[in-house]
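Open the model in your viewer and keep the sequence panel beside it. The stops below are given as selections, each followed by what is found there.

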Amino acid sequence: MLRCCIRYGIGLAGRIGRLPLVTLSLSSSSGITVRPPLSHTHSTSISLSNHSNPSLLDPPVANKVKHELELFGDVRVDNYYWLRDDSRSDPQVLSYLQEENAYTDFLMSGTKDVEDQIYAEIRGRIKENDISAPIRRGPYYYYERTLEGKEYVQYCRRAVSNNGAPPAVDDVMPIGPDAPPEHVILDENIKAEGHAYYCIGAFEASPNNKLIAYAEDTKGDEIYHVYIIDAETGTPVGKPLVGVTSDLEWAGDTALLYVTMDATLRPEKVWLHNLGTEQSNDMCLYHEKDDMFNIELAASESKKFLFVASESKTTRFVFYFDISKPENGLLPLTPRVDGIDTSVSHRGNHFFITRRSEEFFNSEVLACPLDNTSATTILLPHRESVKIQDMQLFTDHLVVYEREKGLPKITIYVLPPVGEPLERLQGGRNVDFIDPVYSVYRSESQFSSSILRFSYSSLRTPRSVYDYDMKTGISVLKKIETVLGGFEALNYVTERQWATAPDGTQIPLSIVYQKNIVKLDGSDPLLLYGYGSYEYCLDPSFVASRLSLLDKGFIYAEAHIRGGGEMGRQWYENGKLLKKKNTFTDFIACAEYLIEKKYCTKEKLCIEGRSAGGLLIGAVLNMRPDLFKAAIAGVPFVDVLTTMLDPTIPLTTSEWEEWGDPRKEEFYFYMKSYSPVDNVKAQNYPAILVTAGLHDPRVMYSEPAKFVAKLRDMKTDYNLLLFKCEQGAGHFSKSGRFEKLRETAFTFAFMMKALDMVPALSSGGN
């Protein structure tokens, strides 16, 4: 688990001042005057209901309760430490959060019509009644269906008409009156009734397709119940597994492997559960006691082995579980060696291993016999310019997902017949892609076939699912995301540009705009998005809701800054620990480049980041607040130093290898120098929107709450500062697909308000 980023409509994988008396006039369309408090010396919480004149509204002011934190002779005063309540039940804390929400709603009431219009635009592009690209698993096609007006999906399947025929790229799931009937296995819309939040984190069919195991979260805290049901009748099989992660795998048709967490929500134990038995009788296969490590499960494409990996940010080692011999338990496969990271799969009589080390930082691929795991053969050697990111095995092929010059690649190698010796692979075939910047993701494929399925997208190309015949090189489009409302991809231009960082490093940027609208003379509004942590690759992909910005003349750009993995392992290493500030200065360099090249001006530049990307936004706001007009910090990891000093907070211990351990003096003072909460100053800031989730286990709601409280106390400008804390959600915000669109529309309306792009309302409006 990491502090993970979400872009509009897409969930991904991880954290991530004022004058004594001023009167603030907002945009003329709002008709709202905001008056900050007269004094900060004796501030108290404000009840919004006490205001007899709603046109004069004071922002909420959090109580100051002095709390000193001392280490290495350095004393930090945290006046808002009291905002942390792990139980999420303190009346004073909840009251303050509710007042912030009410204040935000009030100040944005003047843009409600615009928000509703944007929401209608976004929703109007969606084909609400649709299905995903069917995936063939044995005798069934599995897929998800969405229904008009419904927030959640149905999990469905149909029988394969001719199950004896081998898979082919031109296979199509039959529909219509003569086709096998559709069977709805599970309807999330029914399960979600009565819950403010609902998420299924895993949905796994047993090997014989008779049972389904699914993991359910009804709070947003990512602590799951796992239910097993009959795939045909929906009848429960045994009692649910409680207090577990969503990481589970079938170990044959009658058993499951699953993972539980410790008190800090660190995945620490792997269990074997036999159906029909009590959870209390389950066997613990492995307990990882080192709090720097997390447990992860995976199944081989052959479905013959399960793999249990224990990983830190620098080290990963693997055990294997032979499904045909469960009595053997877990057996060691790759050794626990500091700095060595391994991932494993299986084919025939060999394990295939991806191995990264300090010397071979972009990874190599090896193979070893099942009966002699120490006898490895190098299949693909390390290359300094090409990063091996993942691999996927088939009976006759090895697919390698790579990165070169900041772009993803798919390379396919033919393997010798099972039983013959494995030697160094040569002559891989690349899959060609057309856009200058794009994203590619692996999808589930059938191990025994020669058909590779993958997803492709770009900033102007909706998500497209392809089946690729690895023998012939023929690819067939199986599904492309439908975008209603007259969308035409050729109206949009995508570019790759390069900004120069202060140390001379070239930083890639991905850019998209509507060519018939933008002027490229500096007058266009621009949204710059960034992340830059955990080696996560922020590959440019299509998000339909973004069209509501592009079609209003916005330019959208993504900064592929250090700390991410877009340019290889070293790109990540040069943006973490004692080099973390490169992430922030890279982002600033990208912003300055966009201004220099007249994509925008300071007065037109908005920035956004979520989770660890919210740390990025908080840091650059403190460093260069003059450079931006508006900023959105989503569930931001902004109280870095205090959080990383507290091992009782989820993710802290396992992330000392990412951010550093501030119990060591060098890391303490380096971290303090950029931690956003610790660096808020008495200076002007741009308009800022900060969001949080009350039940967020990755970034506690109190971090953004403290950041906002301190900004309110210290900043010297009159610009908008809004805080929106979802009371019934976690890190990934609301769970319903239309609920999420509402949040996107709200964010877009905030940016337009900050840029003074909101049309004036009639006198009868808000």
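**Stop one: a hairpin**

Select β36 and β37, which form a hairpin with 5 residues between them. In the turn, G504 has a positive phi of about 95 degrees. This is a predicted model, so the angle is a computed value. The two strands, residues 492-500 for β36 and 506-514 for β37, run antiparallel and are joined by 9 bridges.

Next select residues 59-478, which UniProt lists, in an unreviewed entry, as "domain: Peptidase S9A N-terminal". Over this range the chain is 42% strand and 8% helix.

L393 stands opposite L398 in β29.

**Stop three: the largest cavity**

Which residues line the largest cavity? Select Y81, R84, D639, T642, T643, I649, M700, S702, E703 and K706. The space inside is about 90 Å³. By class, the lining has 4 charged, 3 polar and 3 nonpolar residues. Colour α8 (640-644) and α11 (702-714), each of which supplies at least two lining residues. α11 gives the most, with 3 residues.

Note on methods: Residues numbered from 1 in each chain as written. Predicted model: local features only at pLDDT ≥ 70, side-chain atom pairs only at ≥ 80, totals over all residues. Heavy atoms only, no water. UniProt positions renumbered as here; feature names shortened; annotations may be inferred. Helix = DSSP H or I, 4+ residues; strand = E, 2+ residues; numbered from the N terminus. Pairing = 2+ DSSP bridges. 1 Å grid on protein atoms, 1.4 Å probe; cavity = no way out; pocket = protein on both sides within 12 Å on 5 of 7 lines; lining within 4 Å. Points joined across faces, edges and corners; volume = space filled by probe spheres on them. Nonpolar A, V, L, I, M, F, W, Y, C, P; charged D, E, K, R; others polar.
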